[in-house]
Amino acid sequence: MADPVAEVVSLLKPSPSISKFVTGGGQWLVERTELGSPFYCAVVGGHCLMTIAGREPMVLTAGDFVLVPKIFSFTMSSMEPPPRGALAQRLEISPGVFRLGDPEAPAEIKALVGHCAFGSDDRALLVSLLPEVIHVQGEDRLMALVQMINEETRADRVAREMVLHRLLEVLFIDALRSAASAKAPPGLLRGMADPLLAPTLRRIHKDPGRSMTVETLAREAAMSRSTFFDRFRREVGVAPMEYATGWRMALAKEFLREDMAMADIAQRVGYGSTSAFSVAFNRHVGMPPGAYSRAVAAAA
């Protein structure tokens, strides 16, 4: 069966942009806005405060790992933040090594911090299927992966970019594995934790070209239409056919980037003709498939 989590991460095309080792002492605060990029942090030692917009502050201590796939505002600070508006103290000691706060104060936090980018044109849809924030504790594999990314970023080795891309994909998948549970917010992870919905999600991903309706999906899940529809929307966060169409269009974009024939794409994503596919693609994306292909080629 298909693995929806692995496929979503693969289509997102995460690529590293910044990796740094950060220490902090005294009073300090760093803030990122909604214009930021996906972010992760592994606390090596000490403690700090993380405050994400709309959420209660989190105390991070040694062994904590945080991944923020979505782009929104948050701050990280000492346990007693400086007054808002105070001049930030930030010093780059050496390439990729930063000191926050009073350079003479004892270090109260040591952390590996990274930012990344998503190469997918459909990242808004794909990211919406993931938790807004992943916070796990005591996962040695995640800490080791962040350390490997940091070391690889510093080195000038053969195939460095390929290794970094693969390490980042593994980091995302391991983080999602660690967070997967019925307690996750509505989205792909919570749907995959539901024993009645996980097979449906796998079927949608395994064979997006097959004919499917809410009725056929409900029958395969051994539920009534209304029960299945309500359960899917509650656990995954979107209606069943909205999810299926979104996944089909995400794949169609990828196939168009690969310059696949239009008739083959239509068949592979569940449309009986190129015209039906073109209408659906235009409605979902806002431009016909041909125009999308030309725009991709021009951007390349």
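Analyst: A salt bridge here is a side-chain nitrogen of Lys or Arg within 4 Å of a carboxyl oxygen of Asp or Glu. By that criterion, three salt bridges are counted between domain 1 and domain 2. Keep in mind that this is a predicted model.

First, the layout. Domain 1 covers 4–179, and domain 2 covers 188–298. Their centres, taken over C-alpha atoms, lie 32 Å apart. Domain 1 brings 14 residues to the contact, and domain 2 brings 17 residues.

Next, the area. The size of an interface is often given as the accessible area lost when the parts come together. For domain 1 and domain 2, about 1400 Å² is buried between them. Carbon and sulfur atoms account for 69% of that area.

Now the polar side. A salt bridge joins the side chains of Lys13 and Glu254, with an N to O distance of 2.6 Å. That distance falls within the 4 Å cut-off. Between domain 1 and domain 2, six residue pairs are in polar contact, with both residues at pLDDT 80 or more.

Which helices each supply at least two residues of the side of domain 1 that touches domain 2? They are H1 (4–12), H2 (123–128) and H4 (160–179). The largest share comes from H1, with five residues.

Finally, the composition of that side of domain 1. Ten of its residues are nonpolar and four are charged.

Conventions
Residues numbered from 1 in each chain as written. Predicted model: local features only at pLDDT ≥ 70, side-chain atom pairs only at ≥ 80, totals over all residues. Heavy atoms only, no water. Domains from an automatic or database assignment. Contact = heavy atoms within 4.5 Å. Buried area = accessible area lost by both parts, 1.4 Å probe. Polar contact = N/O pair within 3.5 Å; in protein donor to acceptor, adjacent residues only side chain to side chain. Helix = DSSP H or I, 4+ residues; strand = E, 2+ residues; numbered from the N terminus. Nonpolar A, V, L, I, M, F, W, Y, C, P; charged D, E, K, R; others polar.
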